[in-house]
Amino acid sequence: MRICMVGSGRMANAHSRALGELPDVELHTVVDPDRDYAEALRERYGYRRTLPDLDEALAQEAIDAVVICTPNPLHAPQSAAALRAGKHVLCEIPLALSLADTEELAHLAEANRRCLMVCHTERFEAGRMELRRRIAVGEFHPVHVLGRYYMLRRGELKTEQAREGWVDNMLWHHGCHVVDAVMDIVGTHEPIDLHAQWGPAWPSLDLPLDVDVHWRALSPITGDEVLVTMSLSHHAQWAEHDYHVIGLEDDLLADHGALRHQEGVLVEESAGSARIIRQDTEFLAAVRESRAPEVDMASVLATMGVLQQAWEVWLRREAG
Ligand SMILES: NC(=O)c1ccc[n+]([C@@H]2O[C@H](COP(=O)([O-])OP(=O)(O)OC[C@H]3O[C@@H](n4cnc5c(N)ncnc54)[C@H](O)[C@@H]3O)[C@@H](O)[C@H]2O)c1
């Protein structure tokens with residue numbers, strides 16, 4: 001399968017490293033208007049060529065699949081262009097910055113009969129896979145999920161991206177990880193009685209750096225009612241990212257690839273590329289087998305629906 005990588009920053013490096021280890025993959029083209037960056041990625045992983053323009057890359061018949069690793073606002077238009085050009089798409093999260101754009105992309109993928117997979121990378125962590133297994137076989141029944149994503153203060157102090165010049169969106173990126181984890185743990189659902197509380201906008205960014213979102217869910221897996229809390233901050237001095245899942249049988253904590261309970265570690269996975277290799281392997285398998293990927297569009301749409309509801313609370317607050 002011949003791959004076109006769009007973007008050549010941090011995640012493009014991570015995918016190139018993973019894809020480069022998989023059989024029957026040819027790293028073909030890198031697209032990035034920053035030629036030096038694109039050239040560095042080409043040399044590091046052995047891509048054939050670099051191009052500054054996506055349309056020119058998509059016009060190549062040789063390309064089978066496109067991996068999109070660009071700033072968030074480009075994901076939807078670049079995914080749409082690739083699907084229209086008849087390419088399969090693996091897109092970094094968030095797929096879009098609205099539910100409406102996500103729905104449009106889902107239709108486009110279906111109409112063009114192309115695979116569209118979103119990089120919900122955390123689903124491919126060993127700890128999360130074990131958590132999912134326990135729930136699926138009825139060993140563990142979640143009743144309360146608390147997802148935290150606390151990042152070091154952004155503001156003037158820090159940006160997360162390798163490249164400067166674009167600002168990540170806490171809700172649509174990090175919130176997307178957390179809500180997808182809830183969809184994965186509880187099962188795909190519509191939120192009941194969703195409430196969101198936003199902190200104030202950070203003056204230099206015109207974006208809020210804190211939000212808490214709560215809702216109830218009826219789990220399609222266990223049939224139980226589950227209480228959900230998502231807490232995000234880009235104001236922290238102490239970074240934290242984990243899922244505390246309170247269940248009828250136990251309390252389980254999924255964090256950074258591991259799964260723990262009070263008595264100790266149940267599954268440990270050291271940081272590394274294993275989760276990206278599993279994720280990209282699943283994308284390639286879905287394309288080759290002409291089937292929907294494990295990260296199915298129904299759960300992606302459900303996640304984006306939760307984010308849209310929370311975002312609208314912010315927009316209403318801003319409008320006064
Ligand atoms: N799945 C995950 O766990 C995970 C983790 C981190 C980041 N992400 C997502 O990955 C995406 C990329 O993040 P990153 O940290 O690699 O960012 P980055 O800033 O390191 O890289 C972005 C790249 O896009 C390039 N670019 C800008 N405009 C372009 C255009 N028009 N065409 C082609 N390339 C263009 C930039 O030159 C740069 O090389 C973000 O959307 C982020 O939300 C996902």
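This is a predicted model: local features need pLDDT of at least 70, side-chain atom pairs count only at pLDDT 80 or more; totals for chains, interfaces and linings use all residues.
Reader: Fine, and which residues of H6 are buried?

Author: Within helix H6, residues 126-136, the buried ones are Gly127, Arg128, Leu131 and Ile135; buried stands for 20 or more other C-beta atoms within 10 Å of a residue's own, exposed for 12 or fewer, and partly exposed for anything in between. Looking down the axis of H6, these buried residues fall within an arc of 95 degrees (the directions run from the helix axis to the C-beta atoms), so they line one face of the helix.

Reader: And which exposed residues sit on the face turned away from that buried side of H6?

Author: Arg133 and Ala136 are the exposed residues carried there. After H6 comes Gly138, which has a positive phi near 85 degrees.

Reader: Back to those strands, then: in what order do the 8 strands form their sheet?

Author: The order is S8-S11-S12-S7-S13-S14-S15-S16, in an open sheet with mixed pairing, where strands pair if DSSP finds at least two bridges between them. S8 (192-198) and S16 stand at the edges with a single partner strand each, so one side of each is left without a neighbour in the sheet. On average, and with direction ignored, neighbouring strands are turned by 20 degrees against each other.

Reader: How do S15 and S16 pair, parallel or antiparallel?

Author: S15 and S16 pair in the antiparallel sense, over 3 bridges, and Arg260 has Val265 of S16 as its bridge partner. Helix H7 lies across S7, S11 (210-218), S12 (225-236) and S13, and runs at about 160 degrees to S7, with axes fitted to C-alpha atoms, for helices over the stretch in contact, and angles from 0 to 180 degrees between N-to-C directions.

Reader: Changing topic, what about the sheet that 6 strands form?

Author: That one is an open sheet as well, with parallel pairing in the order S3-S2-S1-S4-S5-S6. Its edge strands, S3 (49-51) and S6 (116-118), each pair on one side only, and from one strand to the next the twist averages 20 degrees.

Reader: Over how many bridges do S4 and S5 pair, and which helix packs on the sheet?

Author: S4 (65-68) and S5 (88-91) pair over 4 bridges, with Val89 in S5 as the bridge partner of Val66. Helix H8 (274-288) packs on the sheet, where it touches S4, S5 and S6, and its direction makes about 160 degrees with that of S5.

Reader: And what do the buried residues of H1 pack against?

Author: They pack against S1 (2-6), S2 (26-31), helix H2 (35-45), S4 and H8. In H1 (residues 10-20) the buried residues are Met11, Ala12, His15, Ser16, Ala18 and Leu19, and they fall within an arc of 165 degrees seen down the axis, so they line one face of the helix.

Reader: Last one, how many helices and strands are there?

Author: The protein has 9 helices and 16 strands, which are DSSP runs numbered from the N terminus (H or I over at least four residues, E over at least two). Buried residues make up 42% of its 320 residues.

Technical notes
Residues are numbered from 1 along each chain as its sequence is written. Two residues are in contact if their C-beta atoms, placed from the backbone, lie within 7 Å.
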